[in-house]
Amino acid sequence: SAISIEESAFDYCSSLSQITVSSTFDSLADVPTSLSPLIIGHHAFAGLTSLTEVAIPFSTTHIGCNCFENCCSLKKVTIPNSVKNIGFYAFYKCSSLDEITLPLSVTEIGHHAFSKCTSLRQIAIPSSVSSIKEGTFEKCSALKEITIPSSVTSIGDCAFIGCSSLKEISIPSSVTRIGDKAFMSGIKFI
């Protein structure tokens, strides 16, 4: 059976810096895989301004829309190989987020998922992803390095708009559609 952290469960509990799922678990990362899958609902942790690091438990399959929106102190997120879907606006305005690794299990990254993550310096899109959606990395002003695999066939509108530190990008020949204003930010070499 599935475990879920429902929509807006901890929405804007701005002083909350640590989460214990139950008396059996020390933290969210300690939820056993036998209780899988874990689904983290929309807005579940939005606005937790004191949250600095998240290790998502292995059994998690879905990170809900706006899940960590406005977690402005969040610096590091560990996403396990069980996650398949990252919802739209999942990490929107996580302005301190500078480190995240997307595992091969991720097949879909929602639109604006990392928009306005102004400290994010690099990202590698997993080869399991076929589309970079609208505004996914919009205004990630510190983003200097992006790896786009040959599995990607489409780059959405405004996907990298405002990524002012991104000076060079390699687009694989598999890409058949590049959306409106996808790279509007001053890239010198494509």
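Q: What order do the strands of the open sheet have?
A: In this predicted model, the open sheet has 3 strands in the order S3-S5-S7, and the pairing is parallel.

Q: Which ones are the edge strands?
A: Strand S3 (53–55) and S7 are the edge strands, since each of them pairs on one side only.

Q: By how many degrees are neighbouring strands turned against each other?
A: On average by 10°, with direction ignored.

Q: How many bridges hold the pairing of S3 and S5?
A: There are 3 bridges between S3 and strand S5 (residues 76–78), in the parallel sense. As one example, Glu-53 has Lys-76 in S5 as its bridge partner.

Q: Changing topic: how many salt bridges are there?
A: The count comes to 5.

Q: Lys-76 again: which residue does its side chain meet in a salt bridge?
A: Glu-99, at 4.0 Å from N to O.

Q: OK, on to Asp-98. Where does it lie?
A: Asp-98 is in the loop between strand S6 (85–86) and strand S7 (99–101).

Q: Buried or exposed?
A: Asp-98 counts as buried, because its relative accessibility is 18% and the cut-off for buried is under 20%.

Q: Which residues does Asp-98 touch?
A: Leaving out residues up to four places away in sequence, Asp-98 touches Lys-75, Ser-119, Leu-120 and Arg-121.

Q: What does the side chain of Asp-98 make with the side chain of Arg-121?
A: A polar contact, at 3.4 Å. The two side chains also meet in a salt bridge, with 3.4 Å from N to O. That pair links distant parts of the chain: Asp-98 is in the loop between S6 and S7, while Arg-121 is in the loop between strand S8 (108–109) and strand S9 (122–124), 23 residues apart.

Q: And how accessible is Arg-121, what percentage?
A: Arg-121 has a relative accessible area of 46%, so it is partly exposed.

Q: What about Lys-75, which residue does its side chain meet in a salt bridge?
A: Asp-98 again, at 3.6 Å from N to O. Lys-75 sits in the loop between strand S4 (60–63) and S5, and Asp-98 in the loop between S6 and S7, so to speak of the pair is to speak of distant parts of the chain, 23 residues apart. Lys-75 is partly exposed, with 42% relative accessibility.

Q: Which residues do salt bridges with shared partners join into one network?
A: Lys-75, Asp-98 and Arg-121. Asp-98 is in both salt bridges, the one with Lys-75 and the one with Arg-121.

Q: Last topic, Leu-143. Where is it found?
A: Leu-143 is in the loop between strand S10 (131–132) and strand S11 (145–147).

Q: Is Leu-143 buried or exposed?
A: Buried, with a relative accessible area of 0%.

Q: Which residues is Leu-143 in contact with?
A: Setting aside neighbours within four places in sequence, the contacts are Leu-120, Arg-121, Gln-122, Ile-123, Phe-137, Phe-160, Cys-163, Ser-165 and Leu-166. Among them, Leu-120 and Arg-121 are also touched by Asp-98.

Q: What separates the C-alpha atoms of Leu-143 and Gln-122?
A: A distance of 5.5 Å, although the two residues are 21 residues apart along the chain.

Methods. Residues are numbered from 1 along each chain as its sequence is written. This is a predicted model: local features need pLDDT of at least 70, side-chain atom pairs count only at pLDDT 80 or more; totals for chains, interfaces and linings use all residues. Side-chain values use heavy atoms; hydrogens and water are left out. Helices (H or I, at least four residues) and strands (E, at least two) are DSSP runs, numbered from the N terminus. Buried means under 20% relative accessible area, exposed over 50%, partly exposed in between (1.4 Å probe, protein chains only). A polar contact is a pair of N or O atoms within 3.5 Å; within protein, one must be able to donate a hydrogen and the other to accept it, and residues adjacent in sequence count only if both atoms are side-chain atoms. Contact means heavy atoms within 4.5 Å. Two strands pair if DSSP finds at least two bridges between them. Axes are lines fitted to C-alpha atoms, for helices over the stretch in contact, and angles run from 0 to 180 degrees between N-to-C directions.
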